[in-house]
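Here is a short report for a reader who is new to this structure. Look over the sequence and the model first, then read on.

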Amino acid sequence: MVLKGLLWGVAALLATGVLALAAARRPAKGILVYGLSLAVALAALVAATASLLAPASLGATSTLPLGLPWLGAHFRLDALSAFFLVVINLGGAAASLFGLGYGRHEETPERVLPFYPAFLAGMNLVLLAADAFTFLFSWEFMSLSSWALVMAHHRRPGNAAAGYLYLLMASFGTLALLLAFGLLAGPSGGYEFQAIRQAAPAPTIAAVVLVLVLVGAGSKAGLVPLHVWLPLAHPAAPSHVSALMSGVMTKVAVYGFARIVLDLLGPPLWWWGALVVLLGGMTAVLGVLHALMEHDLKRLLAYHTVENIGIIFIGLGLALAFEANAMPAAAALGLTAALFHVFNHSVFKSLLFYGAGAVLTATGERNMEQLGGLIHRMPHTAFAFLIGSAAISALPPFNGFVSEWLTFQAILLSPALPQWLLKFLVPAVGAMLALSAALAAACFVKAFGITFLGRPRIAAACNAEEVDAPSLVAMYALVALCLIAGILPAYFIDALAPVTHALVGASLPSREGLEWLTIVPVAESRSSYNGLLLLAFIAASAGLAGEVIHRWASNRTRKSDAWDCGFPDRSPVTQYTAGSFSQPIRRVFGTVVFRARETVDLPPPGETRAARLHVELRDLLWETLYLPAAAIVGFAAEKLNRVQFMTIRGYLTLVFSALVVLLAILAIWQ
Amino acid sequence: MAVILDLLVQLCQMLIVLALAPLLTGYVRKVKAHLLRRQGPPVLQPYRDLLRLVRKEAVVAVSASWVFRVAPYLVFGTTWVAAALVPTFATGLIFSYAADMIAIVALLGSARFMLALAGLDVGTSFGGIGSSREMMIASLAEPAMLMAVFTLSLLAGSTQLSSIAASLQSPEIGLRISLALALVALVMVAIAENARIPIDNPATHLELTMVHEAMILEYSGRHLALIEAASNLKLLLYVSIIACVFFPWGIAVSGQGFGAYLLGASIYLVKLAGGGFLLAVFETVIAKMRVFRVPDFLGAALMLGFLAALLLFVTQVR
């Protein structure tokens, strides 16, 4: 019933896309498209939430006569897809609401509107697919529709290159997934998920599949070293689409990984967990370090997506490691942490991208070195961005902290693992996680402080106007969710119980039997956290302090110039910039990770030209991995180019020899 | 009845940390002055400073926003709550389950986040330099802190401070090299987090290496008083954590009589005095570091934390 409704919703989204093509010249079509998308996404959100909360309704299947003629298109709604449907449609509804206002500033709506609902439909289809063909088809549909959205402003410098790289990486990822499904289906060719689930592959095959899935889903999610396209492509799209790609589409990739590795691939081995945890830790640290070096607001947010994907994969890897060692409760903790972070990240990352979009419409500027002081002109956007920043920096009492805290608790259970590699590796990854959380806080002090605080650096920042009502409603809705998921996490964790039960066979202690909505990962004597109580206490003590001081001491305030040790400078360029803010961290980490080099160009005495500081950063991964790969492809293309200009005899020889080689292989194989 | 008693203990704890925090700061200053053969300000001077600041009018820069004015209250409130959740003279605080050790450290992180933003709010370079360096130091301190927590959790099977205190008192734990290493790591983190020498100098106001003081340079009046009170509380909090975890003797347990609480309180005072004295001695004998030597210092803390955990693995505790 719910599944049918969801499929109808997908059909409605596709129809909306076609409608947008048809109504190309109508002025109100933006409202129509975003309104319809909002309605469908809201309905799907409600349906998915309801089925996640009533697990009895899960497990429905449906087969449509589409796709391969002998296979049909299989769809299934189980706990895992229901949870991800909640995430995707929440993000989709918020983005559509934001788009209602933001889309009016779009210069080329005909390049955005038809693909936007198609993109939403593609993501929903991936989650519902229950056979390899439908999955891959929807996956590719999602990739291509998002590529079209990335290319919406293709004339801006850099966007075409970003789109090209995205297309390349997406095709590469789909190829890896295609091979993975081929291996999973085996020679008999059972492409339905049910058939794959029943025939667990041999360990060597499973290992190859794991690596292929890490490449396929990891390249979509932005796992290091396959992340290079993400910070280029995500910011290139319009901001609400950036929010969808960063906050939501990466979660579809996480779904793909969880579906194949935790569900279809059979019982895991311990080293899978080690591999995934290590990749996650590296991704988290490298993502946040890149973000710190970045002064483009949207690209900074995209790099933070890389970081948060790393945190999610740490949780998934821990779940794998614990499951391989038959520790279901610990595996459930790792998985809950990862899935809760999936939800949280989609909420605050969407919120932050909307904030960046609002800044972009108000000032036309993405480079935060040019902004400043926007809190006076855009108080609502600033407040929403501040809450989002606190949430992504894993600060209590917001939601980001809860999921990272759960990840830490899972890490603290690692000494019970029997393998020595895991015993040593997981605490080290824990230190990396702590480092990335602290660096994220530094990065968002920079992002919020330089963009919204201080004094405006350019005229556009002085005259910025607050954005429209629908955009603000979308932002405030997500602000509320950041706080609610932070102070009442017990409800969200309970909703995750069916998912963890289905995948690892256990779940966290439920909120019944615990006082005051405290969350307890393992046992009460071990650790517990209560955000509601903390928030109440902080509010009470801060309020009390304010009340006491204002009543009995002094409440006089005088406005004056800044003190600045007696030498205030009115010029806004003398403020601390984003570059100077990140300089200490660049000195500490950048010299190793980015081979950062600073050169000071100091004019000789008597010359009046300004001194200049040049910073040179190198992306070592790009230089050691991608440039050689591109060189090899270029070299091969150069050589193969000769094949295009052969005589007919040459071609015939080529065909004949290919046939002989294939037959020879077949003969040896038999 | 027991609930009321626990509630009372919690309330006492909140008031005690608030009342004692300036005293600890004053005591450390006094000991430092004596070690330098100066007379130094009276021990009660921090109270007088706070009172005087609270009564003055607050000067706010024209370019400041509401963040600048709200931050002191939030910083103070958050730090106070964090300090109130650390067992000082008695475990069994009724709200201690609201936050474990990781959450308490994260609460301090929230306070620092607000303060760093406030440093950037006015738009001066002093505030910026302070915020930027504070966040760098914090990002280096956090992994080291986590490794120390990891070691403790490995030994005690818990990150809840009262459980750690209880299990470290039990005879089967005993003296361990790992504990010593974790103690050193935690002390180093505490020194960095509290902006003490050799990382930062709490007594300077005009020096380019200053971190914390530069960040709050624009504050005055009641706002400054709140921030000062919060940093006093933070120092007390770290001394209390170290005392509670590594020297848990004498802490009253829930259900014991009034005498146990009184004894716990007086032993706590002795612990505070000891911690403050050692801090003052350490600060006197060591020189301030250059800011880019801080990574070495905190990197050493991280390595000690690692070593502590690895030693525990090798000796196979449990």
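## Helix packing and the chain contact

The crossing of α3(A) and α19(A) is left-handed (the near helix is turned anticlockwise from the far one by less than a right angle; clockwise would be right-handed). Helices are DSSP runs of H or I with at least four residues, strands are runs of E with at least two, and both are numbered from the N terminus. This is a predicted model, in which local features need pLDDT of at least 70 and side-chain atom pairs count only at pLDDT 80 or more, while totals for chains, interfaces and linings use all residues. Residues are numbered from 1 along each chain as its sequence is written, and chains are lettered from A and ligands numbered from 1 in the order in which they are written.

The table gives both pairs. Axes are lines fitted to C-alpha atoms over the stretch in contact, and angles run from 0 to 180 degrees between N-to-C directions.

| Helix pair | Axis distance | Angle |
|---|---|---|
| α3(A) (79-102) and α10(A) (239-264) | within 9 Å | roughly 170° |
| α3(A) and α19(A) (469-487) | 6 Å | about 155° |

The angle makes α3(A) roughly antiparallel to α10(A) (over 145 degrees). The contact (C-beta atoms, placed from the backbone, within 7 Å) includes F84(A) and V87(A) of α3(A), with A243(A) and Y255(A) among those of α10(A). Its residues divide into 13 nonpolar, 6 polar and 3 charged. Here Ala, Val, Leu, Ile, Met, Phe, Trp, Tyr, Cys and Pro count as nonpolar, Asp, Glu, Lys and Arg as charged, and the others, Gly among them, as polar.

α3(A) and α19(A) are likewise roughly antiparallel. Residues of α3(A) including L97(A) and F98(A) meet residues of α19(A), among them V473(A) and L478(A). This contact has 11 nonpolar, 2 polar and no charged residues.

Now the two chains. In chain B, 72 residues are in contact with 71 residues of chain A. On the chain B side, α5(B) gives the most, with 18 residues. That side has 43 nonpolar, 20 polar and 9 charged residues.

Strands also link the chains. Strand β3(A) (residues 557-560) and β1(B) run parallel and are joined by 4 bridges (strands pair if DSSP finds at least two bridges between them). R558(A) stands opposite V59(B) in β1(B).

Chain A overall has 25 helices and 5 strands. The C-alpha atoms of chain A fill a box of roughly 90 × 70 × 60 Å along the principal axes.

Conventions: Parallel < 35°, antiparallel > 145°, perpendicular 65-115°, else oblique. Contact = placed C-beta atoms within 7 Å.
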